[in-house]
Amino acid sequence: MVKNSLAIVIPAYKVKYFDSALASIASQTKSNFKVYVGDDCSSEDVKSNVDKYAHQLNIQYTRFENNLGKNDLVAQWNRSVRLASEEWIWLFSDDDLMSPGCVQAFFDALDMTKGSHNVYRFNIEMIDARDQVICVKDPHPTTETGYEFLQRRLRSKSLSAAVEYIFKKDVFEQNGGFVNFPLAFCSDDASWIAFAGDKLIYTVPTEKVYWRSSNINISSVKGLQQQKIEALLNYSLWVIDKFKDVPLNEVETWFFENLKYVYGKLGVIKKYELAKRLSLIFNKSKLFYYNKLLFGGKL
């Protein structure tokens, strides 16, 4: 493993915005990185997009024989990351964008901090299908612990996705890859906390990453509410287990705020089951309250 080497890893499946994503990588002012594309057995022509940039980027294309991401998106992330042998990994996506100075800014930050952090990140803005910015939140603090990051996320004080983080390959392997929840919901947040360990998460002060909210990513797909709810429950349990002093009411509030966005038509039995699980996680005396809330439909 070459010290201070960088891999940009793209677990690819969709091509609608893939050319734009690759163009933003090709426009970097510093080019000392390698791009790895892990084609998740896509029915779309991922390779032709890669070939277009073969003379502009140091890029390696791998087509996997099975569509793993359909059933286990985190496993697709993991196998794509394991294509790379570089010290630092930037898990990017097939539809997001990075500003031209991101790679240079990362190496500048790495040099300034002497590589003393396990996780580096950029600030992020949300864009729509037409590349228009639709959401901006306050910048991340320059440094914070994993627990401080968790607190800001529970209180919806920050905008965070998977694509603006760069992490050490070693800590990825030490943790057995990304924390795995259904549909990769909350897997990124849990993983940054796990990867950071006892070190601070460092924010690169310049340049930005643009996360695309479109109707073709998993977060927008309808009919997956049961898996999304399961992910929210699993993450809640993961947080409570990892941080014994985390206020349960904050996790509960976060859960119901996120449940609003994924709550679909659940049958009577599913609602009763969910209420029981919530009472076991947060407050056994609130079973009646959870049932009333779920059956009332006013989340």
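**The aromatic cluster**

Reply: Ring pairs join Trp77, Phe149, Tyr165, Phe167, Phe172, Phe178, Trp192 and Phe195 into a cluster. Rings of Phe, Tyr and Trp (its six-membered ring) pair if their centres lie within 6.5 Å; planes under 30 degrees apart are stacked, over 60 edge-to-face, the rest tilted. This is a predicted model, where local features need pLDDT of at least 70 and side-chain atom pairs pLDDT 80 or more, while totals for chains, interfaces and linings use all residues. Residues are numbered from 1 along each chain as its sequence is written, and side-chain values use heavy atoms, without hydrogens and water.

Me: How many aromatic pairs are there by this rule?
Reply: With that ring rule applied, the count comes to 28.

Me: Which kind of aromatic pair do Phe149 and Tyr165 form?
Reply: Their centres are 6.4 Å apart. The planes sit at 75°, so by the over-60 cut-off the pair is edge-to-face.

Me: Where in the chain are those two, Phe149 and Tyr165?
Reply: They are 16 residues apart, and the pair links distant parts of the chain. Helices (H or I, at least four residues) and strands (E, at least two) are DSSP runs, numbered from the N terminus. Phe149 is in helix H5 (residues 146-154) and Tyr165 in strand E9 (residues 165-168).

Me: Are Phe149 and Tyr165 buried or exposed?
Reply: Buried means under 20% relative accessible area, exposed over 50%, partly exposed in between (1.4 Å probe, protein chains only). By that scale, both Phe149 and Tyr165 are buried.
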